[in-house]
Amino acid sequence: IDQQMKEVSRLARVMQRDHERFFKELPNCIMPNFDAKYGVHSNGVYYKLVDKGGASLYYSSATRIGPAELRKAVCSESLDTLLKSIVDSNPIVSQAYLNTSDNMNRLYPFMVDAPGQYGPTLVMKDYNFYYLADEKHDPERDVKWTEAYLDPAGQGWMISAVVPIYYKNVLEGVSGLDVTIDALIKNVLDMKLSWATGAF
């Protein structure tokens, strides 16, 4: 279990560096070549309409979507390759994501109905998978693990490894890797052991 958790922590640090690079390059980002389509849901959420094999995008209706927010949403398509690689290569990681300080959520695997699942407003700072990595709770800016909680994205009970994403000493967001309790049972506690031993 310790080895599995250390591996997830290492992956979270890799993701942290990639997402810090994203915010550093955001003012000059070159829009990726893609055919993703975005729209506004009936509840006011700005979101990604169609699954093209990457991450979903949700922007809370409480956030005014101007040119800077649109740019951030579109440019964040560049994060999908790493998000997808982490989830697809580690059997206990069920989701990888970036949550921003202005309530944007980019999450892989794609959520078919993110606006319906999250609702019209989602305040990231109210959730442990965000505030545990803020300046007050994580002044070292290292990986933090949450206690078990019920996932608002609908994946059941889980724990998360979260890392803060800073640019120019400002907390721009928090990135995380989710490990469901079910995945722990299937991939760690259910292992076949020699003799008459078992995991609990």
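Which side chains meet in a salt bridge at 3.0 Å, N to O? Those of Arg21 and Asp18 do; the views below show this pair and others.

This is a predicted model, in which local features need pLDDT of at least 70, side-chain atom pairs count only at pLDDT 80 or more, and totals for chains, interfaces and linings use all residues. Residues are numbered from 1 along each chain as its sequence is written, and side-chain values use heavy atoms, with hydrogens and water left out.

**View 1. Helix α1, residues 2–25.** Helices (H or I, at least four residues) and strands (E, at least two) are DSSP runs, numbered from the N terminus. Among the buried residues of α1 are Met5, Leu11, Phe22 and Phe23 (buried: under 20% relative accessible area; exposed: over 50%; partly exposed: in between; 1.4 Å probe, protein chains only).

**View 2. The Arg21–Asp18 salt bridge.** A salt bridge is a side-chain nitrogen of Lys or Arg within 4 Å of a carboxyl oxygen of Asp or Glu. Arg21 and Asp18 are three residues apart in α1, about one helical turn. Asp18 is buried at 18%, whereas Arg21 is partly exposed at 29%.

**View 3. The Asp80–Arg106 salt bridge (2.7 Å, N to O).** This pair links distant parts of the chain, with Asp80 in helix α3 (residues 80–89) and Arg106 in strand β5 (residues 104–108). Asp80 is buried at 9%, and Arg106 is buried at 0%.

Conventions. Expected span 1.5 Å × (residues − 1).
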